[in-house]
Amino acid sequence: MNAQQMVEALKQKFGDAVTGSKEQCGEHTIGVKLESVKQLLKYCHDELNFDYLVDISSLDHFHAEPRFEMVYELYGYGHHQHLRVKSLVSEDVSVPTVTDIWPTANWHEREVYDMMGITFDGHPDMRRILMWEGYPFHPLRKDFPLAGKESELPEVAFTGIAPLEGGPFVTSPGACGTVDAEPRAKRFET
Amino acid sequence: MTATAPEPVHAAYDSKIEGNIVITKLDAAINWMRKNSLWPMPMGLACCAIELMATGASRYDISRFGAEVFRFSPRQSDVMIVSGTVTYKMALAVKRIWDQMPEPKWCIAMGACASSGGMFRSYATLQGIDRLIPVDVYISGCPPRPEALLEGLMRLQKKIDAEHSLMEQKRELIEELA
Ligand code: SF4
């Protein structure tokens, strides 16, 4: 079975829970409702032989509702197929953990929690992984400024605001042409 | 014809003429010893540390300047070479190691990151180690070549050579002895 057929099989099995699917450049993405995401991922692992969880990441669609989106990248070493599973998450909603399906999800989910502030139900060790315990922000959220915010945790760490004059390393993804998209001095509103 | 520079006049020690006695200032002697046996604390935090290691290896051979004894214990080291990106998570650890180094001590900020945060204008990076500890020599580059580190080390040696620490710290003792 190739990824295309797997997407079809998933659509049949999960029916209404599947919110959509997309194929681009040979990569298959399937969207699923949050209530069924764990069930679907378990099915992918158990029945469709996706034995490798490549990555878990998250998106912040700031100002949209639901605000966040979980992204799971799956791969199977038996059939060499890749599948991306996406699921929208509202603010203040917990996502079921997949650590019991792929143990490697442990650190990925901790990273999502640290950077985006999404919590995971049933995670065995829901701590920050990159920033220190007690750091008050989630830096990859869209409303977090690039320069950072001030914080202070005595004896552990502090943070300051980085100077951004001339902002030489600000990229503009999606701009027309490389000249505009490349990192360079740019004025931008805060 | 090329113009030749005048020969530098060395007051070299000649044991045949002068016997087993050298006369110098105490400060000068101490400075001479200090600057030629600088033991670095390698604070290798990112890519610059690779160049630091290259400087220690045989091709660039930092031991020509007496600084080959990299000490991983702060209590045995004289100069902290901060080579790499100092994240906020690491910052207080660096400060703590610095505090554990005995006086006299010096600090070299090696590379753009250690000097100013470098390209990492971000929430996670300390914008220059000089916000936490006093820096004697800054070395530009991303990363600086080993030659640049050696140049920085030589500048630090010059700086040490010009110190008159004993004269200042132990003035009473010296006056008593005189
Ligand atoms: S200055 Fe450049 S080479 Fe050195 S640590 Fe920073 S990024 Fe790496």
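Q: How many aromatic pairs does this predicted model hold over all chains?
A: Nine aromatic pairs turn up in this predicted structure.

Q: Why is the pair of Tyr52(A) and Tyr75(A) called edge-to-face?
A: The planes of Tyr52(A) and Tyr75(A) are 85° apart, with 6.5 Å centre to centre. Rings pair if their centres lie within 6.5 Å, and planes over 60 degrees apart count as edge-to-face, so that label applies here.

Q: What makes this pair a tie between parts apart in sequence?
A: Tyr52(A) sits in strand E3 and Tyr75(A) in strand E4 of chain A, so the pair ties together parts 23 residues apart in sequence.

Q: Why is Tyr75(A) called partly exposed?
A: Its relative accessible area is 22%. Buried means under 20% and exposed over 50%, so Tyr75(A) falls in between.

Q: What makes the pair of Phe144(A) and Tyr123(B) edge-to-face?
A: Here the planes are 90° apart and the centres 5.6 Å.

Q: How do you know whether Tyr123(B) is buried or exposed?
A: Tyr123(B) has 16% relative accessibility. Under 20% means buried, so Tyr123(B) counts as buried.

Q: Why is Lys105(B) said to sit over the ring of Trp98(B)?
A: The charged end of Lys105(B) is 4.8 Å from the ring centre of Trp98(B). The distance cut-off is within 6 Å, so Lys105(B) meets that part of the test.

How values were computed
Residues numbered from 1 in each chain as written. Chains lettered and ligands numbered in written order. Predicted model: local features only at pLDDT ≥ 70, side-chain atom pairs only at ≥ 80, totals over all residues. Heavy atoms only, no water. Phe/Tyr/Trp six-rings, centres within 6.5 Å; stacked < 30°, edge-to-face > 60°. Helix = DSSP H or I, 4+ residues; strand = E, 2+ residues; numbered from the N terminus. Buried < 20%, exposed > 50% of the residue type's maximum accessible area, 1.4 Å probe, protein only. Lys NZ or Arg CZ within 6 Å of the ring centre and 35° of its normal.
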